[in-house]
Amino acid sequence: MKPRLLLRLITVISALHTLVAGFEPRYNETSLILRDLFANYDARVLPFSNGPVVINMTVVLGILIELRENEQLAAFVISHTQRWYDKRLTWNPSFYRGQNQVIVPQSLVWLPKMFVYNSLETKEMLTSNRADVRVYSDGLVKANLPQHVSCICRLSIENFPFDFCAVALASPLLTVQEMMAASSQPPADSYFAGNAEWLLFNVTVRQMEFREEDEYRIEVHYIFHMQRRPVYYLTVIVAPTFLISALSILGIFSPASNDGPRSEKRIYDNGRVQTGKVSLGLGSLLAMTVLLGIVAGAMPKSNVIPLLGYYILIVICLCAVAVAISMAFLAITREYITRGQPPSRSTLSFLSVKSINASIDLATHDPSVKLNHYSPSLQGGRLVRVAYSRCNNNVAEVQEKIKFKVPELGAIHTLLEEILETQRAFRLKEEARMKHREIEEQWATVFARFDYFFLFLFEAFNLAALGIFLRAAWEPMPELREQLL
């Protein structure tokens, strides 16, 4: 009897247990973990610990959106991770079928209070209902915070367009008694990128303490090292500046023609006008001034002149000095030609220029010199002078003999004298013009030597200025200064 009652009792208890289990709500392991962990959890309270909460921080994503040089502002999309331990969020995985981690909304757990203090605007990429954290069974909490940050970027424009920029995103946290930060460098699989103008070539993380109202606090710096891509400025500004300056110097110091004087403008036979050297130099100065204005418009207003600005100023000074030297040569040449003063023998011998003045003076004043030593034009002048002398002697002899026989000879003699006087004046004028022409040619030859000298000198200076400017492209990156951070 008793075994039967015991069997029936066991059957009833089993049926009741099955019936009760059928009405019990079913939970998966994640739901059970969340129910057990957050039953008495308060997200407003710091995690329980024997000391300050240690926050491990680093940055895993950084993309440069834009950089406004005039305002020295940079916009980034960043994502930095934070890890800390919260002993209230621990469980035994064996009680939950081995599950050792769960993903929960950020609003359920305690988060470090932090912000990017040197930003003008910070936007969270995920709203509070879409941002999650990962919680592990040992109490480790991992949060990934994507943000759009517009921050201050202190440009180092001394080497523009080979300059660089360092952006520090610092996050003041709680006091060191409440929270400590342990920063680490970005992992190997992190992603960082610049834009079309700037290359983001390195990212470093550092931490430091600062004192505020008698309390020490921790801040973490995410330093983005960026370097400008100079190809645009080299092709749009540097190359045209060099070509304009080189061609201007070539035009300013191109030697004058040997068949005419140095002049600002020269009229050709077909009526075209050759642009003068001074006008060419002034036009080049105007073009380079416009390029300098483009550089000034792209740079922030400061008391530092960028490297590209120095280069353009040096080239402008070279062209200005070249124009001044050309104007001085023009004035000196005009002065000597107007006075009819030929170059001195010492000047001609120093510049290895052959003298022509000696033959002109000798042919004019020394009748004993043979005519074949001179040019055909000088021989013609000598023949006219001999014919005139012989004609005078013959007329004087015949006049006395037959003056009383032929009365018309006096009128003829007077007419011949007028003709010879006109020819003499024409001859003297032609000799003066020829001498003036010879002086012009000699001065043109003299200053052609100076033109060649200054042409090579200024072109060498132009190339040296370009080489010094481009040397900055291969210089090592300077150390980051504290004021940049």
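Let's start with a term: a residue is buried when its relative accessible area is under 20%, exposed when that value is over 50%, and partly exposed in between, using a 1.4 Å probe and protein chains only. What we have here is a predicted model, where local features need pLDDT of at least 70, side-chain atom pairs count only at pLDDT 80 or more, and totals for chains, interfaces and linings use all residues. Residues are numbered from 1 along each chain as its sequence is written, and side-chain values use heavy atoms, with hydrogens and water left out.

Okay, the overview. The chain has 485 residues, and 36% of them count as buried. There are nine helices and 14 strands; these are DSSP runs numbered from the N terminus, with helices being H or I of at least four residues and strands E of at least two. Now contacts, meaning heavy atoms within 4.5 Å. Take those between residues at least 6 apart in sequence: 78% of them join residues at least 24 apart.

You'll find Ser190 in the loop between β9 (179–183) and β10 (191–193). So is Ser190 buried or exposed? Ser190 counts as buried, because its relative accessibility is 17%. A polar atom of its side chain sits 2.9 Å from the backbone oxygen of Pro187. For reference, a polar contact is a pair of N or O atoms within 3.5 Å; within protein, one must be able to donate a hydrogen and the other to accept it, and residues adjacent in sequence count only if both atoms are side-chain atoms. Leaving out residues up to four places away in sequence, Ser190 touches Val59 and Val60.

Next, a pair of helices. How do α3 and α5 cross? The axes of α3 (residues 231–252) and α5 (residues 307–339) come within 10 Å and cross at roughly 10°. Those axes are lines fitted to C-alpha atoms, for helices over the stretch in contact, and angles run from 0 to 180 degrees between N-to-C directions. So α3 is roughly parallel to α5, where roughly parallel means under 35 degrees, roughly antiparallel over 145, roughly perpendicular 65 to 115, and oblique the rest. By class, their contact has eleven nonpolar, four polar and no charged residues. Nonpolar here covers Ala, Val, Leu, Ile, Met, Phe, Trp, Tyr, Cys and Pro; charged covers Asp, Glu, Lys and Arg; the others, Gly among them, are polar. On the α3 side the residues include Phe242 and Ile252, and on the α5 side they include Tyr311 and Cys319.

That brings up the cysteines. Cys317 is partly exposed because its relative accessibility is 47%, whereas Cys319 is at 1% and so counts as buried.

Last, some loops. Most residues other than glycine have a negative phi. Gln72, not a glycine, has a positive phi of about 55°. Gln72 is in the loop between β1 (53–68) and β2 (73–90), and is buried at 18%. Arg97 also has a positive phi, near 55°. Arg97 is in the loop between β2 and β3 (101–105), and counts as exposed at 76% relative accessibility. Finally, Asn28 and Arg97 are 69 residues apart in sequence and 9.8 Å apart in space, C-alpha to C-alpha.
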